[in-house]
Amino acid sequence: MNARAFLCSYTPHPDSLLKQRTSLSPPPTPRKSFASAARFHCQVRLISRGRRYTFRVSARNPGLKSEQYEISDVREPAKFKTGEVEDGGVVVPWWEKFPKRWVIVVLCFSAFLLCNMDRVNMSIAILPMSAEYNWNPTTVGLIQSSFFWGYLLTQIAGGIWADTVGGKLVLGFGVIWWSIATALTPVAAKLGLPYLLVVRAFMGIGEGVAMPAMNNILSKWVPVSERSRSLALVYSGMYLGSVTGLAFSPFLIHQFGWPSVFYSFGSLGTVWFATWLNKAYSSPLDDPQLRPEEKRLILTNSVPREPVTTIPWGLLLSQPPVWALIVCHFCHNWGTFILLTWMPTYYNQVLKFNLTESGLICVLPWLTMAFSANLGGWIADTLVSNGLSVTTVRKIMQSIGFLGPAFFLTQLSHVDSPAMAVLCMACSQGTDAFSQSGLYSNHQDLAPRYSGVLLGLSNTAGVLAGVFGTAATGYILQHGSWDDVFKVSVGLYLTGTVVWNLFSSGEKILD
C-alpha cells in the first residue's frame with residue numbers, strides 16, 4: 001500500500017508528550033503479570049491514496065527491548081477536500097500547485113483579452129458615433145487607422161525596453177496606459193475629431209508594447225516543447241477579446257449609450273494591473289516563490305540569459321529568415337486588421353444586419369480563431385515532439401495560415417446568402433489563426449534572447465499593414481466595392497506564402 005505514516009514522537013515524561021501533540025492518559029491499574037508496566041498512548045495518522053486514517057497506539061514497557069503495541073479506536077477515514085494535496089503534513093490548495101509558468105501564460109492571455117476588447121469596441125461604436133457626428137467613410141477610415149499611428153511608434157521601442165528592463169514592467173505599463181486612453185475616448189470625441197485621433201493614437205502606444213513584452217517574458221518562462229501551445233493560448237486571448245467586445249458592445253450601447261462601452265472596458269485594466277504586480281515576474285530567476293522542481297524544468301530546457309545591453313541590428317537585418325518574417329507579417333496583418341476593424345460595417349452594409357446582429361455575428365469568426373489557434377498550437381508542439389524539424393512545422397502551419405484565408409475570401413463574391421458569407425468569414429479567420437504556430441512562434445526560434453526586439457521589428461511591418469490597409473479600405477469602398485477589398489488581401493496572402501516557404505527557418509540564428 002502506498003502510504004505515509006506520521007507518528008508523534010514521545011518520551012516517558014508527560015510534559016514532553018504534550019508538547020509533541022500526543023495524548024497521555026492516566027496510568028491504568030497494572031495487570032498482575034506486568035505490575036511495573038507503564039502504559040502510554042499516542043495517535044498515528046496514516047495517509048493513503050488521498051485519505052487520512054487516525055489510530056490510537058498504546059505502548060507497554062517502552063524501555064524494554066521487547067515492545068508490545070496495540071492499535072485500537074480506528075476512526076472513520078477522512079477524505080481530503082477536492083483539490084487538496086498532502087505535502088509534508090500540510091494541506092496545499094490545488095492553485096498553489098498550479099505551474100507558475102502557466103500562471104504567467106494565463107495572465108498574458110487575460111492582458112490580450114483586454115487588448116482586443118478595448119480595440120474592437122470602436123468598430124461597433126463607430127456606427128452610432130458616425131451617425132451622431134456625421135462622419136463619411138473616409139473619416140471613419142481615418143479614425144480607425146489613427147490607433148495604428150501610436151501602435152507603430154512603440155513596436156521596436158517596446159521590444160528594446162522589454163529585452164533590457166524585463167517584460168513585467170513593460171506589459172504592466174502598456175495595459176494601464178491603453179486602459180486610461182480607452183476611458184478617455186468619449187471625452188475626446190465630444191471635444192472634436194483632432195482630440196479623438198490623438199487619444200486613439202495614445203491607445204495604440206500602450207497596446208504597441210504588449211506583443212514584444214509578452215514575447216520577451218514567455219521566452220524566459222516557457223520551455224521550447226510548450227512554446228506553440230503557450231503562444232496560441234495567449235493569442236487566442238485576442239480572439240476571445242474580440243468575441244467579448246463584439247458581443248457586449250451592442251448591449252451596452254443600447255442600454256447606456258455608446259460612451260459606456262469605453263468607460264466599462266477601460267476600467268477593467270486596473271483590476272488586471274493589480275493582479276499582475278502581485279503575481280508576475282520577468283524571469284523564473286526573479287520569482288522567490290517558484291517551486292524548485294519547476295525552476296529546474298524551465299532552466300534545463302532553456303539557457304539563462306543576461307539582460308540585453310546592445311542590439312546586433314546588422315546581424316539581425318542581414319538574415320533572410322528575419323526578412324521573411326517581416327514581409328510575411330505585413331502580408332498577414334493586412335487581411336487580419338481589415339477583418340478586425342471593418343467586419344461590423346461589412347455585415348451592416350452588405351448583409352443588412354442591424355447593429356446588434358452585426359456585433360453578434362462577428363463573434364463566430366473570432367470564436368473559430370480561438371479554437372483554431374489552440375488546435376494549431378497543440379498540433380505544432382506534437383509534431384516537434386515527434387521529431388519533425390521546427391522549420392518544417394513552421395512552414396506547414398503558416399502555409400495553412402495564408403492559403404486558407406485566401407481561398408475562403410475568394411468565395412465571398414460567389415455566395416448569395418448571409419449565412420454562407422458568415423461561414424466563409426469564419427473559415428477564413430479560423431485558418432488564419434494557424435499563423436500563431438507559424439510566424440508568431442518564429443521569433444523565439446530565430447533569436448530567443450532578442451525575441452522582444454525581433455517581434456517589435458516584424459510587427460512594425462504588420463502595423464504598417466494595419467495603417468495602410470485600414471485607411472485604404474475606406475478609400476476603396478468610397479470608389480469601389482468589397483470585392484476589391486478582398487482581392488488585395490488575397491494577393492498579399494499568396495505573396496506571403498511564396499516568401500515564407502522560400503526563406504523562413506526554424507533554426508536559431510542568434511542568441
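Let's start with residues 453-477. That stretch is 100% helix and 0% strand. Its end C-alpha atoms sit 36 Å apart. Keep in mind that this is a predicted model.

Where does that stretch come from? The unreviewed UniProt entry lists residues 453-477 as a "transmembrane region". The entry has others under that name, including 102-122, 142-162, 169-189 and 195-218. Take 169-189. Again the span is 100% helix and 0% strand, this time with 30 Å between the end C-alpha atoms.

Now the packing. Two packed helices are described by the angle between their axes and the distance between the axes.

First pair: H8 and H18. H8 covers residues 210-221, and H18 covers 451-479. They pack at about 150 degrees, axes 8 Å apart. Angles over 145 degrees count as roughly antiparallel, so that is what H8 is to H18. The crossing of H8 past H18 is right-handed. Who touches whom? On the H8 side we have Met 211, Pro 212, Asn 215, Asn 216 and Ser 219. They meet Ser 451, Gly 452, Leu 455, Gly 456 and Asn 459 of H18. By class, that contact has three nonpolar residues, seven polar and no charged.

H6 runs over residues 167-191. The angle with H8 is about 150 degrees, and the axes are 8 Å apart. That makes H6 roughly antiparallel to H8. Here the crossing is left-handed. From H6, the contact uses Gly 167, Lys 168, Val 170, Leu 171 and Trp 178. From H8 come Ala 210, Ala 213, Asn 216 and Ile 217. How do these residues divide by class? Six are nonpolar, two polar and one charged. Look at Asn 216 on your screens. This H8 residue is in the contact with H6, and it is also in the contact with H18.

H5 is residues 155-165. The angle is about 140 degrees, with the axes 7 Å apart. H5 and H6 are therefore oblique to each other. H5 brings Gly 158, Trp 161, Ala 162 and Val 165. H6 brings Gly 167, Leu 169, Val 170 and Phe 173. That contact counts six nonpolar residues, two polar and no charged. Gly 167 and Val 170 of H6 touch H5, and both also touch H8.

Last topic, the aromatics. How many aromatic pairs are there? The count is 14. One of them is Tyr 133 with Trp 258. The geometry is edge-to-face: 6.4 Å centre to centre, 75 degrees between the planes. Tyr 133 is in H3, residues 100-133. Trp 258 is in the loop between H9 (227-256) and H10 (259-279). So this pair ties together parts that are 125 residues apart in sequence.

How values were computed:
Residues are numbered from 1 along each chain as its sequence is written. This is a predicted model: local features need pLDDT of at least 70, side-chain atom pairs count only at pLDDT 80 or more; totals for chains, interfaces and linings use all residues. Side-chain values use heavy atoms; hydrogens and water are left out. Axes are lines fitted to C-alpha atoms, for helices over the stretch in contact, and angles run from 0 to 180 degrees between N-to-C directions. Helices (H or I, at least four residues) and strands (E, at least two) are DSSP runs, numbered from the N terminus. Angles under 35 degrees count as roughly parallel, over 145 as roughly antiparallel, 65 to 115 as roughly perpendicular and the rest as oblique. A crossing is left-handed if the near helix is turned anticlockwise from the far one by less than a right angle, and right-handed if clockwise. Contact means heavy atoms within 4.5 Å. Ala, Val, Leu, Ile, Met, Phe, Trp, Tyr, Cys and Pro count as nonpolar, Asp, Glu, Lys and Arg as charged, and the others, Gly among them, as polar. UniProt positions are given in the numbering used here, feature names are shortened, and annotations may be inferred rather than shown by experiment. Rings of Phe, Tyr and Trp (its six-membered ring) pair if their centres lie within 6.5 Å; planes under 30 degrees apart count as stacked, over 60 as edge-to-face and the rest as tilted.
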